[in-house]
Amino acid sequence: MNNKKNQSFTKLPAYQKLQDHYQRIKDLHMRRLFSIDPHRCDQFSLQHNDLLLDYSKNRITSNTIPLLCELARDANLEHWREAMFSGERINNTENRAVLHTALRNCSDQPLMVDGKDIMPEIRLVIDKMQVFSEKVRTGEWKGFTGKAVTDVINIGIGGSDLGPKMVYQALKPYHHQSLRLHFVSNVDGAHIEDILERLNPETTLFIVSSKTFTTQETLSNAHVARDWFMQVAQEDSAIRQHFVAVSTNTEAVKAFGIDIENMFEFWDWVGGRYSLWSAIGLSIVIAVGADNFNQLLLGANEMDEHFQTAPFEENMPVIMALLGVWYNNFFKTESHGIFPYDDYLRSLPMYLEQADMESNGKSVDREGRKVDYPTGPIVWGTSGINGQHAFYQLLHQGTKMIPADFIVSMLTHSNYQEQHNIMFSNAVAQTEALMRGRNIDETYTDIVSNTKKSSGVEKRIHHMVFEGNNPTNTLLIKKLSPRTLGSLLALYEHKIFVQGVIWNLNSFDQWGVELGKQLAKQVLSDIHQTESVTSHDASTNKLVNYYRETINDSSS
C-alpha cells in the first residue's frame, strides 16, 4: 500500500489540472462541439458485447477524458480494483472483503480469502439453489397437503428485495409459465395483507431473506406470514414445506421453524445491495430457471473482466464514473437521472438509488476525515416515456443541470414493433433535444411555419426557447436478456466503486442507516407505555403521544 491512495480528492495532482480545464471549456455548447466534429460520436463511444455506450452528448473535449483518467490513476484505481477482486479487506470499517464478483466467477481459478479457497462453497450454494428451484418449478416440491407450489413470496427489504424484484421484472419473458412470484418488503401491514388475501396457504412458498435473521421489517412480515399459514396448517411441522431461509444465522432460522436443510447461506463479504448474485437470488432462480440465472452471472462476469482488463480510456464503467465525477465535482451538479426506455427495467432506478446512494452517500473519507468536496449524487428516475410527461420540463428548461443516463433496448420481446419504434424514437429525440436546445431564431421559425397565426409571437417566444447543453449518456442494449442484464448491472456496480475510490470513500459500509433503526426500537417501546412519552425532543414526544392517543381512542 502506498500513500497515494489516501490522498484527499482535491489534493490529487490531476484535480487542479481539471479545475483549469473546466474554466476553459465550461461555457462551450455541445451544439458547437458537434458542428466542429461531425464524427464526435466515433471518438466518444464504447461497445462491450451487446452494450453500446454513446457518451458524445457530454460537455467534454478531446482533452477532458485523458485528464479524468489521470485523476483515476492519481487515486490509485488500479490498486483498489486489484484489491477488491483479490479479496483484500477493503471494507475497512467492518474489516471485510468485498467479493460479490466472486459469486459470478465463471473460471476454474481458486480465490483465496484468509488462506481458504472460497469458490467451492460458492458453487455448493449455487448448486443447492438450482436443485431446490428445479423441484419447485417441476412441481416435485409439495406443500403439506400434497399440492404443488403455485405462488412464491420473497420476504426481505433493501438489497434482499430491490435486487431480486428488479431482476424478476426485467426478465419477464423468461418466467416460468405457471409460477407467480410476489415481493414483500414494506412493514406496513397493508402490503403483505394485500398479497396474502389472494393466495392459498396450501400452495404458497415463502422465502425469508435476511442475512442476520434479525431485520425488524423482514422478521415482522415473516411472522405475519407464519401466523396466516398456521391458521390453516395447524401443525408446526408443516412450516418446513412452506418456508425456506436465505441467511447466515442458523440458530434463528431453526427457532423460526425452518428446516436447516432449507437454509441457503451467503457470507459477510457479500453486501446487501450487491447480493442478488448470491442465495438472495433464490427467487430469481425459481422464476427463470438455473440456465437463465447462470446467463445472468455470465453477463456480469464478462463485465467484470472488461473492467479489470480494459485501459481506462476504453473502460465502460471507468468512463461513466469519471463523467459523473466531472459533473458532480466541477459543474457542481447535485443529482443524476436514470431513465430506462424499457418497461421491464422500470424498477432499475430504485435499485440504483440504493446501490449508489447507500455506497457513496458519505461525508467522511476512508480515514474518517470530514470531506470538503461533494461525494455521491442524488440518484433518481423512472421509465423514460412516463418521465417525459412528468418531470422532463425541468430537465429542458429548469435552472438545474441534471446529467442523465438513457437506457434503451433495441430489439423488443413485445409483439408490438411500432410501439417499440415510438419508444426508441422518443429516447434518442430527448437526448438530442437536451443537447441541441432551440435558440430564439429557430423558435421563431418553428412558430411561423407551424401555426396559422403568428401574431403576438413576441409575447410567448421566450417561453419556448430551450438552452440545451444538457449532458446525457445513451446506453443501447441489443436485447434485454439475462446475459445483457447481468452486464448492465455489473457496469453500474463498478461505476459506483470507481467513484468511491476517486472520492476516497469506503463504498461498502452503510452506518448512516443504523441510528434510525435504533431510535425506531425505542419509539416502538414508547408506544406501549401507559404514561406520556417525555424521553425524546419536544417534536418527537408530541408525535408519539398524539399517535398513542389516536390508536387508543380508536380501539376503545
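What covers the buried residues of H4? I find that the cover includes helix H1 (13–25), helix H5 (77–86), H13 and H20, with contact taken as heavy atoms within 4.5 Å.

Ground rules. I am reading a predicted model, in which local features need pLDDT of at least 70 and side-chain atom pairs count only at pLDDT 80 or more, while totals for chains, interfaces and linings use all residues. Residues are numbered from 1 along each chain as its sequence is written, and side-chain values use heavy atoms, with hydrogens and water left out. Helices (H or I, at least four residues) and strands (E, at least two) are DSSP runs numbered from the N terminus.

Entry, helix H4. I looked up burial for residues 64–74 and found eight of the eleven buried (under 20% relative accessible area, with exposed over 50% and partly exposed in between, for a 1.4 Å probe and protein chains only). The buried set is Thr64, Ile65, Leu67, Leu68, Cys69, Leu71, Ala72 and Asp74. After H4 comes asparagine 76, and its phi is positive, near 65°.

Entry, sheet. I noted an open sheet of six strands with mixed pairing, in the order S1-S2-S13-S12-S10-S11; two strands pair if DSSP finds at least two bridges between them. Strand S1 (45–48) and strand S11 (378–381) are at the edges with a single partner strand each, so one side of each has no neighbour in the sheet. From one strand to the next the twist averages 20°. S12 and strand S13 (residues 472–479) run parallel and are joined by seven bridges. I checked aspartate 405, whose bridge partner in S13 is asparagine 473. H14 lies across S10, S11 and S12 and runs at about 175° to S11 (axes are lines fitted to C-alpha atoms, for helices over the stretch in contact, and angles run from 0 to 180 degrees between N-to-C directions).

Entry, pockets and cavities. The search uses a 1 Å grid over the protein atoms alone: a cavity is a set of points where a 1.4 Å probe fits but cannot get out, a pocket is an open set with protein on both sides within 12 Å along at least five of seven lines, and lining residues have an atom within 4 Å of a point. Grid points are joined across faces, edges and corners, and a volume is the space filled by probe spheres set on the points.

The largest pocket has a volume of about 1100 Å³. I count 41 lining residues, with Thr212, Thr215, Gln510, Glu514 and Lys517 nearest its centre. H21 gives the most to this lining, six residues. By class the lining has twelve nonpolar, 19 polar and ten charged residues (Ala, Val, Leu, Ile, Met, Phe, Trp, Tyr, Cys and Pro are nonpolar, Asp, Glu, Lys and Arg charged, the others, Gly among them, polar).

The second largest pocket holds about 450 Å³. Its lining has 20 residues, and Asp342, Asp343, Tyr344, His420 and Met423 lie nearest its centre. H17 supplies the largest share, four residues.

H13 gives the largest share, four residues.
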